[in-house]
Amino acid sequence: MSSLSRRAACFALAAFVPLAATAFAAGAEPPVPGPNSWAAHGAAPLKSVETIVIDATPEKVWAVASDFAHYDWLPGVARVEASGGNAPEQGKRRLLLADGGAVDETLVRWDPERMTLAWHRDRDDVKRLPAINYMTHVTVKPAPDGKALAEWKGRFYRGHPFNDPPPGLDDDTALAAVTALHRANLAALKARVEGK
């Protein structure tokens with residue numbers, strides 16, 4: 001450590017110690033780690049971005065992708081119960097699955113100018129998707145020859161947020177599962193728009 005770095009560290013410590021001493025002398029409790037403090041020492045955020053070219057105009061693709069309440073074309077979805085329309089934080093849906101399960105989601109962004117929307121899952125179910133805090137964005141962009149590029153992007157953590165995850169709840173499993181989900185969803189979007 002250089003003498004300049006050492007001096008800076010001493011100044012920072014000198015500034016902190018009186019503040020800490022005053023707080024604890026006044027009977028204040030030491031800080032308690034927050035509910036997401038595990039992220040600093042456990043799982044790191046993961047990201048999956050998948051794209052597909054659709055033989056339709058971006059406007060036609062957006063008309064399907066933007067309709068948050070009617071995603072019954074997703075693989076494994078039997079029907080959708082929805083409320084709140086396309087209003088962020090008010091738009092909510094329950095995907096009722098063919099296997100009897102359900103997934104609850106809340107719309108957090110809906111931007112027709114940029115042709116993008118985003119939502120998060122309201123509850124984690126690592127048996128269904130071995131990832132937690134899953135949030136996704138779907139964006140439609142122009143592609144050559146009048147076609148559209150649909151992008152499905154997700155941010156999430158592995159299913160086990162702490163160190164030493166058990167098999168099936170590790171980073172690789174979470175990333176593989178979310179990537180497979182995105183690819184299947186994009187294929188379904190393409191089939192829906194192209195009428196196949």
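This is a predicted model: local features need pLDDT of at least 70, side-chain atom pairs count only at pLDDT 80 or more; totals for chains, interfaces and linings use all residues.
1. Basis. Local features are given only at pLDDT of at least 70 and side-chain atom pairs only at pLDDT 80 or more, while totals for chains, interfaces and linings use all residues. Residues are numbered from 1 along each chain as its sequence is written, and side-chain values use heavy atoms, with hydrogens and water left out.

2. Overall fold. The protein chain has four helices and seven strands. Helices (H or I, at least four residues) and strands (E, at least two) are DSSP runs, numbered from the N terminus. In sequence order the pattern is α-α-β-α-β-β-β-β-β-β-α. Of the 196 residues, 36% are buried (buried is under 20% relative accessible area, exposed over 50%, partly exposed in between, with a 1.4 Å probe and protein chains only). Among contacts with a separation of 6 or more, 53% come from residues 24 or more positions apart; contact means heavy atoms within 4.5 Å.

3. Packing of H3 and H4. Two packed helices are described by the angle between their axes and the distance between the axes. For helix H3 (residues 58-65) and helix H4 (residues 171-194), the angle is about 115 degrees and the axes are 10 Å apart. The axes are lines fitted to C-alpha atoms, for helices over the stretch in contact, and angles run from 0 to 180 degrees between N-to-C directions. H3 and H4 are therefore roughly perpendicular to each other (under 35 degrees is roughly parallel, over 145 roughly antiparallel, 65 to 115 roughly perpendicular, and the rest oblique).

4. Residues in that contact. H3 contributes Lys60, Val61, Val64 and Ala65, and H4 contributes Leu189, Arg192 and Val193. By class, the contact of H3 with H4 has five nonpolar, no polar and two charged residues. Here Ala, Val, Leu, Ile, Met, Phe, Trp, Tyr, Cys and Pro count as nonpolar, Asp, Glu, Lys and Arg as charged, and the others, Gly among them, as polar.

5. The buried face of H3. Which residues of H3 are buried? They are Pro58, Val61, Trp62 and Ala65. Seen down the axis of H3, these buried residues fall within an arc of 100 degrees, so they line one face of the helix; the arc is that of the directions from the helix axis to the C-beta atoms. The cover over them includes H4 and the strands E1 (46-54), E4 (102-111), E5 (116-121), E6 (131-142) and E7 (148-158).

6. Leu107. This residue lies in strand E4 and is buried, with a relative accessible area of 0%. Leaving aside residues up to four places away in sequence, Leu107 touches Phe68, Gly85, Asn86, Ala87, Pro88, Glu89, Gly91, Leu117, Ala118 and Trp119. Leu107 and Gly85 are 22 residues apart in sequence, and their C-alpha atoms are 9.1 Å apart.

7. Lys153. Strand E7 holds Lys153, which is partly exposed at a relative accessible area of 29%. Its C-alpha atom is separated by 7.3 Å from that of Lys47, 106 residues apart along the chain. Beyond residues up to four places away in sequence, Lys153 touches Lys47, Ser48, Val49, Met135, Thr136, His137 and His182.

8. Positive phi. Glu89, in the loop between strand E2 (77-83) and strand E3 (92-97), has a phi near 70 degrees, a positive value in a residue other than glycine. Asp164 is not a glycine either, and its phi is about 55 degrees. Asp164 sits in the loop between E7 and H4 and counts as exposed, at 71% relative accessibility.
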